[in-house]
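The sequence and the coordinates are shown first.

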Amino acid sequence: MPAPVSQPDDPALLRIDGPIATITLNRPAAFNSINLAIAQQLEQLAAYIEGADDIRVVVLEGEGRAFSAGGDLQTIGAAAEAGTVTPVVGELLKHYHAFIEILRRMPKVSLSSVHGSAAGAGMGLAFVTDLCIAAEDAKFTPAYAKIGVSPDGGSTVGIVNTVGSRRALQIFLAEDNFTAQQAHEWGLVAKLVPAAELKAATRTLAERLAQNPLAAIAGTKSLVYQAATTPVKQQLDAEEHKIIMAMNTAEFRTAVKKFTSKSK
């Protein structure tokens with residue numbers, strides 16, 4: 001399948017450079033808030049990346065001054081006034097949550113690169129990826145309780161499994177916002193860099209991640225994400241299956257030869 005060709009005014013853009021795909025949220029005038037159009041395009045782009053064997057890393061970034069302000073409250077507010085929240089938000093989340101599911105299951109590393117503000121579902125997106133790199137001055141804003149709703153957009157998927165239920169309740173119910181430094185201390189952000197260095201540092205990290213063989217990425221992701229809910233024997237069996245699969249690849253044989261030749 002040929003790669004989708006992005007147009008400058010598309011709500012989400014795709015750029016592919018070797019084994020690294022970059023998805024850019026492209027609604028800067030709306031602080032990259034999530035509406036139906038961007039949700040549909042994100043799902044389509046993620047589906048392509050999932051099936052592209054030569055891509056090993058997908059980077060998520062935002063155009064303009066913010067990573068993402070979360071759900072588009074203009075659209076959602078109008079639906080609330082019209083009494084059409086159920087179909088409007090249901091259709092939006094059908095596509096957006098499908099996008100999140102693909103990110104979590106794809107045998108690629110997903111890396112969010114966060115600058116400015118990440119709020120609501122935008123905060124959720126930053127932390128539902130496998131790894132997050134952030135500018136030192138980035139701000140994260142839960143926003144949900146303040147407008148009388150519960151989290152969506154994968155927010156509980158990424159955050160609860162990282163920080164635990166008590167810290168998650170603090171984040172969602174007691175925090176107006178928190179800094180990138182706090183997020184780093186809580187394990188939500190893997191690396192902090194000065195804002196001016198974010199793009200270059202993201203590229204460097206993505207290139208390093210892309211050096212991992214596909215079998216290692218796929219096996220590690222599936223094992224890590226299922227570990228918390230899988231019985232020990234079943235998890236050990238899964239570990240055995242995944243590592244034997246990886247050891248039957250040419251990449252493993254090459255890596256072992258390189259390693260053993262150094263040790264002689």
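Predicted model: local features only at pLDDT ≥ 70, side-chain atom pairs only at ≥ 80, totals over all residues.

Strand β2, residues 20–25, has 6 of its 6 residues buried, so β2 is largely enclosed by the rest of the structure. Ile20, Thr22 and Thr24 point to one side of β2, while Ala21, Ile23 and Leu25 point to the other, and all of them are buried. In a regular strand, side chains alternate between the two faces of the sheet.

β2 pairs with two strands, in opposite senses. With strand β1 (residues 12–17) the pairing is antiparallel and extends over 6 bridges; in this pairing Leu13 stands opposite Thr24 of β2. The hairpin of β1 and β2 has 2 residues between the strands, and Gly18 takes a positive phi near 65° there. With strand β3 (residues 57–62), β2 runs parallel, and 6 bridges join the two. Within that pairing, Val57 of β3 is the bridge partner of Ile20.

β5 pairs with strand β7 (residues 139–141) in the parallel sense, over 3 bridges. In this pairing Ala119 stands opposite Thr141 of β7.

## Packing of α4 against α5

Helix α4 (residues 121–128) also packs with helix α5 (residues 155–163): their axes come within 7 Å and cross at roughly 55°. The crossing in which α4 passes α5 is left-handed.

On the α4 side, the contact is made by Ala121, Met123, Gly124, Phe127 and Val128, which meet Ser155, Val157, Gly158 and Ile159 of α5. By class, this contact of α4 with α5 comprises 6 nonpolar and 3 polar residues, and no charged ones.

## Packing of α2 against α3

Helix α2 (residues 73–82) and helix α3 (residues 85–105) pack at an angle of about 155°, and their axes are 8 Å apart. This angle makes α2 roughly antiparallel to α3, since angles over 145 degrees count as such.

The residues of α2 in this contact are Thr75, Ile76, Ala79 and Ala80, and they meet Val85, Val88 and Val89 of α3. The contact of α2 with α3 divides into 6 nonpolar residues, 1 polar residue and no charged residues.

## Packing of α9 against α10

The axes of helix α9 (residues 214–227) and helix α10 (residues 232–247) come within 9 Å, with a crossing of roughly 175°. α9 and α10 are therefore roughly antiparallel to each other.

From α9, the residues Ala215, Gly219, Ser222, Leu223, Gln226 and Ala227 meet Gln235, Ala238, Glu239, Lys242 and Ala246 of α10. The contact of α9 with α10 contains 5 nonpolar, 4 polar and 2 charged residues.

Gln41 belongs to helix α1, which spans residues 36–51. Its relative accessibility is 16%, so Gln41 counts as buried, the cut-off being under 20%. When residues up to four places away in sequence are not counted, Gln41 touches Asp10, Pro11 and Ala12.

Phe252 lies in helix α11 (residues 250–263). With a relative accessible area of 32%, Phe252 is partly exposed. Neighbours within four places in sequence aside, Phe252 is in contact with Ala246 and Met247; Ala246 is also among the α10 residues that meet α9. The C-alpha atoms of Phe252 and Ala206 are separated by 21 Å, the two residues being 46 residues apart along the chain.

Key:
Residues numbered from 1 in each chain as written. Heavy atoms only, no water. Axes fitted to C-alpha atoms, helices over the stretch in contact; angles between N-to-C directions. Helix = DSSP H or I, 4+ residues; strand = E, 2+ residues; numbered from the N terminus. Left-handed = near helix turned anticlockwise from the far one by under 90°. Contact = heavy atoms within 4.5 Å. Nonpolar A, V, L, I, M, F, W, Y, C, P; charged D, E, K, R; others polar. Buried < 20%, exposed > 50% of the residue type's maximum accessible area, 1.4 Å probe, protein only. Pairing = 2+ DSSP bridges. Parallel < 35°, antiparallel > 145°, perpendicular 65-115°, else oblique.
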